[in-house]
Amino acid sequence: MELSNIEPQIIWKNFSRLNAVPRPSKKEERVIAFIKEFGENLGLETTVDAVGNVIIRKPATPGMEDRKSVVLQSHLDMVCQKNNDVNFDFETEGINMEVDGDWVKAKGTTLGADNGLGVATIMSVLESSDIPHPALEVLFTIDEETGMTGALGLRPGQLTGDILLNLDTEEDDEIDIGCAGGIDVTISQNYPTEAAQGQIVRFEVKGLQGGHSGMDIHKGFGNANMILGRLLYKALEKENIQLVSIDGGGLRNAIPREAVAIASVRNAQEFIDELSTGLKNEILEEFASIEAGIQINIEHATTSEKAISEGDSKKIILTLKSLHNGVYRMSPDVKDLVESSNNVARVELKEGALRILNLSRSSVESSKDAVAEQLKSVADLAGMNTVFSGSYPGWKPKPGSEIVQLMEKIYTEKFTEKPHVVACHAGLECGIIGANYPEMEMVSFGPTIRGAHSPDEKANISSTQKFWSFLKDILANIPQK
């Protein structure tokens, strides 16, 4: 089946148009221009603010002028991840898509359904002539995935809407009314290099499924950086080791799928044999039920690069082994909700320069601070530097708000079952926007998406049909002012 034949055709048409435009986080110039031209071609009031957010206004349809005004909001950027064997440039190429049964996928890369389906849905509302709706303000933000600088740069007074509908969640039976805040924790240090004293060994972890570092953090997926740390720690137990380089993970908001380390080890063959028949097999067995594609390779290698000293190598390995990764605390107030977590997202050692990138999340500010401080404490003990940056607040739930009650009623009547009213462990922009617009009622919802932030990302077709129908009914039933 071709994408153009899928219903609702208007959404998949706009999603295809959007996915033809490169839109990595922090490099959204082309997609900003694309959306600006889209709004202007419809004859709608379209502006781009100082940071690059695009705001489009559409008047109410006849008879809906007395209803509360609605802000429809999604972000323009996407997470750019690909399989190692895929040759693809996210800065110049559009996403290659395919239909697989009831799913739309990309060919070896992230799909961009997060949050491209939200963007395409809003585009479809804007260009429609037969959908009843109140006065609309559309907010397309930038850089949600790597810093939320678009939402953070939104000034008070730019919006006038009464209700904000954020179209950026991934389960079609959920109405989201709260989310976690986050903070970037960066650990770094520079070390002198010297000649390697032993034989060169290459450690490789790959084939993990990765995933969203908030929504998937509790699922037990393997983190390639942490598995690599276990292998290096075993090397530290058995042999003197000098690290040459580490290259693990990528974006802060993606669970690392691959990691590689190069090290100098004495008695290398004996060590490789022991590790390959011991810890390697133990790890493969641990993850067999959830990481079917996991591969661990430990083998001889060659390199002309210098290594860091055994003492400094020990500090790095012990630090990597000690950093908290995964769930830090479950919420005592909301059933099954992760309150706090950390993702050891990126480990890079090159020519003696070390960087460890973490993303700590929590729906409670004090708990978010506690996670970040735990990471800093480990780094301090190892003599490393720590920088906190990119902090953003969570979104406090308001379960009794008028829009939540309306959406629950419509969903139950329409689909003959109750929706799940939840808070999530992802970072949504609602908390940031709400800081400047505290009186605005906010809800987040969306179609079903699987594997966001990984090349396994896929969007469910029938769920998108359900989501589109639900959204249209919500817009038609927005209450009076």
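# Sheet, helix pairs and backbone angles in a predicted model

In strand β5, A106 is the bridge partner of M97. This is a predicted model, in which local features need pLDDT of at least 70 and side-chain atom pairs pLDDT 80 or more, while totals for chains, interfaces and linings use all residues. Residues are numbered from 1 along each chain as its sequence is written, and side-chain values use heavy atoms, without hydrogens or water. Helices (H or I, at least four residues) and strands (E, at least two) are DSSP runs, numbered from the N terminus.

Two strands pair if DSSP finds at least two bridges between them. Further along, V99 stands opposite V104 in β5. Together β4 and β5 make a hairpin, with two residues between the strands. One turn residue is G101, whose phi is positive, at about 65 degrees.

In general, strands of a sheet pair through backbone hydrogen bonds.

A helix covers part of this sheet.

Helix α10 (residues 402–415) packs with α12 at an angle of about 125 degrees, and their axes are 10 Å apart. That angle makes α10 oblique to α12. Angles under 35 degrees count as roughly parallel, over 145 as roughly antiparallel, 65 to 115 as roughly perpendicular, and the rest as oblique. Axes are lines fitted to C-alpha atoms, for helices over the stretch in contact, and angles run from 0 to 180 degrees between N-to-C directions.

From α10, the contact takes in I403, M407, I410, Y411, K414 and F415. From α12 come K466, S469, F470, D473 and I474. By class, the contact of α10 with α12 has seven nonpolar, one polar and three charged residues. Contact means heavy atoms within 4.5 Å. Ala, Val, Leu, Ile, Met, Phe, Trp, Tyr, Cys and Pro count as nonpolar, Asp, Glu, Lys and Arg as charged, and the others, Gly among them, as polar.

Now take helix α5 (residues 224–238) and helix α8 (residues 310–322). Their axes come within 9 Å and cross at roughly 135 degrees. The two helices are therefore oblique to each other. On the α5 side, N225, M226, G229, R230, L232, Y233 and L236 make the contact. The contact of α5 with α8 has seven nonpolar, two polar and three charged residues.

Helix α6 (residues 268–277) and helix α7 (residues 279–286) form another pair. How far apart are the axes of α6 and α7? They are 3 Å apart, and the helices pack at an angle of about 25 degrees. So α6 and α7 are roughly parallel to each other. L275, S276 and T277 of α6 meet L279, K280 and N281 of α7. Of the residues in this contact, two are nonpolar, three polar and one charged.

## Salt bridges

A salt bridge is a side-chain nitrogen of Lys or Arg within 4 Å of a carboxyl oxygen of Asp or Glu. The count by this rule is 27. E45 is in strand β1 (residues 45–48) and R57 in strand β2 (residues 54–58), so the pair ties together parts twelve residues apart in sequence.

Most residues other than glycine have a negative phi, and most peptide bonds are trans. The table lists exceptions.

| Site | Feature | Angle |
|---|---|---|
| E7 to P8 | cis peptide bond | omega about -5 degrees |
| D114 to N115 | cis peptide bond | omega near 5 degrees |
| D336 | positive phi, not glycine | phi near 65 degrees |

Where do these sites lie? P8 is in the segment before α1 (9–19). N115 is in helix α3 (residues 113–127). D336 sits in the loop between β16 (326–330) and β17 (338–350).
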